[in-house]
Amino acid sequence: MTLAVYVIIYAAALVFLIASVVRAVRYARLPLHLRWELYPVPHEEPERVKHGGSYFEKVDWWEKPTHFNWWGEVKFMTPEMLFLKGLWEFNRSLWFRSFPFHFGLYLVLATIGLLIASVLIGTSALHACYMLTGIAGAALTVAGALGLLLRRLTDPNLKNGTTPADIFNLVFFVVVFGLLAAGYLTAGASFPGMLVLVHGLLTFNVSVDIPLVLAAGLVLGALLAAYIPLTHMSHFIAKYFTYHSIRWDDAPNRGDVRLARRIAANLTYRPTWAAPHIGADGKKTWAEIATTNPASGTKK
Amino acid sequence: MKKAPVRLDDLAGAGKRPLIHLENEDLMSLPAPLDHPSKDHNWPPLSAQAGEKFECFLDDTCAVSIPQPKTKEEEDALVAKFLSGLDKLFVKENNWSFLQPLLLTMEHCAKCQTCSEACHIYEASGREEIYRPTFRSEILRRLYFKYVKHGGMLSSWQHGAITLNWPLVARLIELSYRCNLCRRCAQTCPIGVDNGLVAHELRKLFSQEMGIAPKEIHDNGSMLQLRVGSSTGMNSEVVKDNIEFIDEDISEKAGIHVETPWDVEGADVLLIHNAGEIMAWPENPGAFALILNAAGIKWTLSSEIAGYDSINYGLWYDDAQFARVAIKHAEAAKKLKVKKIVLGECGHAHKALSVIADRILTGDLNIPRESSMTLLRDIVMSDRIKLDPSRNDFPVTLHDPCNLVRLMGVVEPQREIVRKICPKFREMEPHGVDNYCCGGGSGFAIMSGHNFADWRFHVSGRKKIEQILNAFANCTDASIPKYVCAPCSNCKGMIRDMIAYYNLWESNRIHYGGLVELIVNAMVDVKPGFIDWEWR
Ligand code: SF4
Ligand code: SF4
């Protein structure tokens, strides 16, 4: 059984990695879109970020030095990623469910990191740390997922948008983290501990005896990890693009050779839209279409 | 009795009856003097003829007026066209312009409804389900997974089921015109999903594939502009005549000779107005001319096709029309070899030419574009013209056009000006990048077919009326004239129409106007009383 658990964990980790990379690469390789920013843009000059202003507030802005305030992005992103600041601001009641859920997952990830680090360094000094993060993480995730599930089942505002998969996903989290916590807490004296288990996993030592409930939690957890990047729950990938490539992409088309090249490539696409005023036939390029006038020659 | 919320499936229902009908009692309540449904304007239902002739079965109003197909074959052909357009939305050759934002929006909504509370249309309607920002997105999302990604049963379990038929398409066409494209919802989405973009992309599908768009923005909008130079119908001769009259009028009114320069080669500034100003609010272009001349700016207007009308309605519904008009604007500037284009008081024109067109205008067509707000701020704050704020000693509030503020980041310049020249300035709440749309955004301000104007005054503009009334809550008395400054032609039109609809000039002396009028009204060298306290 231990071998099967190891194989499933490795396979799932591989699926997670490949699916995440494929998704990220797919978005990254899409053509440059037209600008569609949304203010405030946190990499503007700090005094502008305060009111959501842009470089367009400066007379002759194109003659002024450009300013990219990295610190502004970090300052925005850190509380957003760690504490879901946007949700706190705009949907407080959801935050009380969503924050424990997400923070619980972060703690679980931290636990995995601490366990792997402990194995690699060869120490058990971090035992108290990963115990704490692991148990707190699982508890918060289960509590958050239950809160989200209850809301999804009872809030009429969510009815139209809810699909069977949305319910399934939350149940999946509850089951996985419930089993992991229960499996660990009921493991009994014969279980050598998480550090030995992770050591066994990393060294492929199949002699480690994994209790049944914990094994079920590990297998389902692995399947959950493989499943996430195949669904909308991979928003940890999407969010990079929605923020950096869309909401905050205010790069002006002035002297940036790479940008100009990408724009030029877009203008050579050959659309096939069928409405007569577009005049697309699959042969004319986007640039040709944009420089023809469908109204010229029509009655004044 | 509380009505049952509309379900997604209901959109495909074949019945020839609107899915909802709103009454004043259903809507968000307003402050005094509109603080009871009985004090609200009455609201005519859609006429029976319209219901017989057009596809108006969404919400008892009609923005697009699509003729009803006569046969099942016609319906099927329209659905087939819709499907081919749907495919094209997700193909880079056809939609490179918005493919990445659209795909991310399709694939990552967490359906948490955080965005709903940000939408003024949803809130003002009394939280009517069909106006939820996610409602149309959820339909498009299901269609995407089913027909573009060819999802089967597993996909419909994951993303939800949907029935595609002509009633659904017809209602979706109307529904794409129940959003102001203000993107306030997108600002609150924790993931970065953009439901405003969904309305935009749906409109593009309908226009670019099916040739369907409201006549006000296509036939009488972008097409007319490309044909004669302006959606007002003015050709270059007429516009020059009109400006000449305006110069005369303003000279007389201000006591300063005003002459608008035309087609000056090598000018520093090519000013492009929304030509609607020239027709409806001549004092606005007149005030601009007066200020720029007084400040010693080397400026010009252009009489080239589209060079004297900054509007670009393609922004709201059609990428090709958008690009064509933007290129015409840039060509007018290139021909005159000006240093920069300055956009007059028109929010969508600002965003269209400065932001969205930036990745279409290549080489020498990418002439710098600037907001008149910043130029005016520099003139006012540098004391190049003498101003006496006591001439503006009346309550003033400032409307933030979404396109200028949330979508372009021009927030402070106009505020610096009003703070300096209007001693009784007060903000609306919320304001700046968190503002609410005037309710006329994305073409609504010029769309008034059937009873659509009643819908926009009651629903899409309701939040703005609430904000205006709240801003003037401490001076409602009709003896105190009040001024809503709306530095955008479309917003100004919407606000004018709502003030008139609700009789707020008569009852509370609430007036409206642009920013340059306030500046000229405070100019020491100008005869006092530039702002007319008369309803127009
Ligand atoms: S668009 Fe964003 S805020 Fe709205 S439901 Fe989807 S994830 Fe939530
Ligand atoms: S873009 Fe504006 S009007 Fe449209 S759904 Fe979002 S908030 Fe509502």
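## Ligand surroundings

A residue is near a molecule or strand if one of its heavy atoms lies within 4 Å of it. In this predicted model, local features need pLDDT of at least 70 and side-chain atom pairs count only at pLDDT 80 or more, whereas totals for chains, interfaces and linings use all residues. Residues are numbered from 1 along each chain as its sequence is written, chains are lettered from A and ligands numbered from 1 in the order in which they are written, and side-chain values use heavy atoms, with hydrogens and water left out.

The shell of ligand 2 includes Cys119(B), Cys179(B), Cys182(B) and Cys185(B), together with His120(B) and Arg183(B). This shell comprises seven nonpolar, three polar and one charged residues. Here Ala, Val, Leu, Ile, Met, Phe, Trp, Tyr, Cys and Pro count as nonpolar, Asp, Glu, Lys and Arg as charged, and the others, Gly among them, as polar. Around ligand 1 there are 13 residues, of which Cys109(B), Cys112(B), Gln113(B), Cys115(B) and Cys189(B) come nearest; by class, eight are nonpolar, four polar and one charged.

## Interface between chains A and B

Contact (heavy atoms within 4.5 Å) between the chains involves 93 residues from chain B and 86 residues from chain A. About 8,000 Å² is buried between them, 59% of it on carbon and sulfur atoms; buried area is the accessible area (1.4 Å probe) that two parts lose on being put together, summed over both. Six salt bridges are counted between chain B and chain A, each requiring a side-chain nitrogen of Lys or Arg within 4 Å of a carboxyl oxygen of Asp or Glu. On the side of chain B that touches chain A, 40 residues are nonpolar, 24 polar and 29 charged.

## Salt bridges around Asp358(B)

Asp358(B) pairs with Arg35(A) in a salt bridge whose closest N and O atoms are 3.0 Å apart. A second salt bridge joins Asp358(B) to Arg369(B), at 3.1 Å. Arg35(A), Glu37(A), Asp358(B) and Arg369(B) are linked in a network of salt bridges. Asp358(B) has a relative accessible area of 2% and Arg369(B) one of 3%; both are therefore buried, a class defined as under 20%, with exposed over 50% and partly exposed in between (1.4 Å probe, protein chains only).

## A further pair in chain B

The side chains of Asp532(B) and Lys253(B) also form a salt bridge (3.1 Å, N to O). Asp532(B) is partly exposed at 34% relative accessibility, as is Lys253(B) at 27%.
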